[in-house]
Amino acid sequence: MSKTVLVSGGAGYIGSHVSVELINSGYNVVVADNMSNCDMTCFEGVKKITGKDDIPFYQIDCCDYESVVKLFDEQKIDAVIHFAAYKAVGESVAQPIMYYRNNLVSFLNILEAAKNHGGCNVLFSSSATVYGEAQDLPVTEQTPRLPATSPYGNTKQMCEDILRDVVKATAGSEGVVKGIALRYFNPIGAHPSALIGELPRGVPNNLVPFITQTAVGKRECLSIFGNDYPTEDGTCLRDYIDIVDLAKAHVAAVARMLDDRMKEGYEIFNVGTGRPVSVYELVTVFEKVNGLKLNYKFAPRRPGDVVAIWADTRLANEELGWQAERPLEETLASAWAWEKHLAEK
Ligand code: UFG
């Protein structure tokens, strides 16, 4: 019998791509989302891409424990992938209480419900932000985490630790919880169908949606934050991971948990390409692959940005049998195709 995976935050950007790959790999998917930062576009897209129009959907807030318990009572959940969280760094600095409450309570509720329903496999969506301004690059999973520079980053660290502790405490019990934290680098791009992608509300904080919105004419000009960094072209270096590749890493991690192949009850993997790309290089590749000129200017550094970070991906490659495959050109073409799809709607 197919196993069932609960995807909390499943109507969002990453959650929708992960749902597609799970369904395509033969899993049943149950989606929970409070729709606080998305509409039904991506969930509808998931149904279209997979041809599955009976995906159970719970419009619930995971901060409401009763709703989470009801879901676990109604569905037999074998694994949970927890995305439901706020993710804007700047907003988290301005509204820490809201961020801590939402991101911590929702995860605690998922864990408690999982534990009380005979245990579960839990995959937490973490972030490379936990490494901060790392000295040794690329970062491995052993690279020490640095104190978080925003409440958002702190919730990622805290949730990793909560998962680790719950795994330890439930080992050997009836409600055993096993856990994997995936530390994402910079997820970008869209599904090749252009039916699902990133839908930022308001002015995008992230680079690629800002680029595509500038190209389509929604924004006047891209500011490249800082061109005096100690890098080859003076702009920051990041590890941009294609969203479909990222989604496939989740399928590999879920399979590892469900097939009992974990080496420890709690494991951590970096999910990136292992290749640093500068902001300027990314802009140039975007222009070239899509045959257009982008209106951009160099602007002062953005406070809080690290100069450079990219992943050592060997652990994920070896243990998950996964690696990033889609070339940056294709990913940036997909991001543009998605923006054009939105413009035609
Ligand atoms: N950038 C620009 N102009 C923009 C937007 C971004 O030049 O309009 C630059 C940034 O300065 C940075 C790079 O593009 O050098 C990438 O910026 P993003 O905002 O897209 O991504 P970050 O690396 O800052 O942040 C991402 C995730 C966060 C996470 C962080 C650290 O969005 O959730 O990585 O892991 F916390």
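At what angle do helix H3 and helix H5 pack, and how far apart are their axes? Before the answer, some housekeeping. This is a predicted model, in which local features need pLDDT of at least 70, side-chain atom pairs count only at pLDDT 80 or more, and totals for chains, interfaces and linings use all residues. Residues are numbered from 1 along each chain as its sequence is written, and side-chain values use heavy atoms, with hydrogens and water left out.

Now the helices. H3 (residues 65–74) and H5 (residues 96–116) pack at about 35°, and their axes are 9 Å apart. Helices here are DSSP runs of H or I with at least four residues, strands are runs of E with at least two, and both are numbered from the N terminus. The axes are lines fitted to C-alpha atoms, for helices over the stretch in contact, and angles run from 0 to 180 degrees between N-to-C directions.

Which residues meet? From H3 there are Tyr65, Val68 and Phe72; from H5 there are Asn109, Ile110, Glu112, Ala113, Ala114 and Asn116. Contact means heavy atoms within 4.5 Å. Asn116, in helix H5, has a relative accessible area of 46%, so it is partly exposed. The cut-offs are under 20% for buried, over 50% for exposed and in between for partly exposed, with a 1.4 Å probe and protein chains only. The C-alpha atom of Asn116 is separated by 52 Å from that of Gly234, which is 118 residues away along the chain.

Next, the aromatic rings. A search of the whole structure finds eight aromatic pairs. Rings of Phe, Tyr and Trp (its six-membered ring) pair if their centres lie within 6.5 Å; planes under 30 degrees apart are stacked, over 60 edge-to-face, and the rest tilted. Tyr131 and Phe185 have ring centres 6.4 Å apart and planes at 25°, so this pair is stacked. Tyr131 is in the loop between strand S5 (120–127) and helix H6 (151–170), and Phe185 is in the loop between strand S6 (177–184) and strand S7 (186–188), so the pair ties together parts 54 residues apart in sequence. Tyr131 and Phe185 are both buried.

A second pair, Tyr280 and Tyr296, is edge-to-face, with 6.3 Å from centre to centre and 75° between the planes. Tyr280 is in helix H9 (residues 279–290) and Tyr296 in strand S13 (residues 296–299), 16 residues apart. Tyr280 is partly exposed at 33% relative accessibility, and Tyr296 is partly exposed at 25%. Together with Phe298, Tyr280 and Tyr296 form one aromatic cluster.
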